[in-house]
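Thanks for making the time, everyone. Please bring up the model and follow along.

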Amino acid sequence: MEACQALRYRVFYEELGAIADVAARVSRRDADRFDAICDHLMVVSTVPTQRANPIAISGGELVGTYRLLRQELAERQGGFYTAGEYGIAPVLAGHPGLRFLELGRSCVLAPYRTRPVVELLWQGIWNFVRLHKLDVMFGCASFEGTDPDVHALPLTFLARNRLAPPEWRVRARPELFVAMDRIAGAIDAKAAIRALPPLIKGYLRLGCY
């Protein structure tokens, strides 16, 4: 878990420029209260590296991770991380016969950000889903930065083309809500797709909303 936190710090803060609080800067880890109750999926490279300060783990170097939170664990420990961003309670209550899995904190070191590594992570998730007999996957995925107008084109595309069906639709918490349909008139769908972050683009290819 500590290795995963260190990897997330390198990607989110050192590479992508997220603003670290004091605790994160001192520990050089991206950590929160959910880590202890989650499963942590890892991709480990066993090829010797010449990179400085690799994140060593048994068998090699940690290069990719995903954080997985099963519903039964979340309900015993104060809920899902996503509930701090979105009003997910109606969706959970509306599907009492289904078992939910939250995906989050996905990251891969830049030199390994290739299709085979991402596919390894997704294969691991699929194995996990089958092992625990899970039905629904959901979670937060990010655009870079905090200015929605920088991402007006892809956000507008998502709002118009990839909204979840009504029974699965959620809304940001009121204090966090930002309208996604930000461009009046027609948009260039191909350019919008090209502007999407790779992870979100990958989710759409898998049929996600």
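Let's start just after H8, where glycine 207 takes a positive phi of about 95°. This is a predicted model: local features need pLDDT of at least 70, side-chain atom pairs count only at pLDDT 80 or more, and totals for chains, interfaces and linings use all residues. Residues are numbered from 1 along each chain as its sequence is written, and side-chain values use heavy atoms, with hydrogens and water left out.

Helices (H or I, at least four residues) and strands (E, at least two) are DSSP runs, numbered from the N terminus. H8 itself covers residues 198–205. Ile200, Gly202, Tyr203 and Leu204 are buried there. Buried means under 20% relative accessible area, exposed means over 50%, and partly exposed lies in between, with a 1.4 Å probe and protein chains only. What do the buried residues of H8 pack against? They pack against strand S3 (60–70), S4, helix H5 (115–132) and helix H6 (152–161). Contact here means heavy atoms within 4.5 Å.

Next, the cores. A nonpolar core is a set of buried Ala, Val, Leu, Ile, Met, Phe, Trp, Tyr and Cys residues joined through side-chain atoms within 4.5 Å. The largest has 30 residues. Leu7, Tyr66, Leu68, Leu101, Leu103 and Ile125 touch the most other members. Helix H1 (2–15), strand S1 (39–45), S3, S4 and H5 each supply at least two residues of this core. H1 gives the most, with 8 residues. A second, separate core has 12 residues, including Phe34, Leu73, Ala74 and Ile88.

Look at leucine 103. Leaving aside neighbours within four places in sequence, leucine 103 is in contact with several residues, among them Tyr66, Leu68, Ile125 and Tyr203.

Now glutamate 102, in strand S4 (residues 100–108). Glutamate 102 is buried yet has no salt bridge. A salt bridge is a side-chain nitrogen of Lys or Arg within 4 Å of a carboxyl oxygen of Asp or Glu. The nearest side chain of opposite charge is arginine 67, 5.4 Å away. Lys and Arg count as positive, Asp and Glu as negative; His and the chain ends are not counted. Which side chain joins glutamate 102 in a polar contact of 2.5 Å? That is threonine 82. A polar contact is a pair of N or O atoms within 3.5 Å; within protein, one must be able to donate a hydrogen and the other to accept it, and residues adjacent in sequence count only if both atoms are side-chain atoms.

How many salt bridges are there by this rule? The count comes to 16. Glutamate 15 and arginine 113 meet in one, at 2.8 Å, N to O. This pair links helix H1 to the loop between S4 and H5, 98 residues apart. Arginine 105 and aspartate 32 meet in another, at 3.3 Å, N to O. Here the partners are 73 residues apart. Arginine 105 is buried, at 19%, whereas aspartate 32 is partly exposed, at 24%.

Last, the cysteines. The structure holds 0 disulfides. A disulfide is a pair of cysteine sulfur atoms within 2.5 Å.
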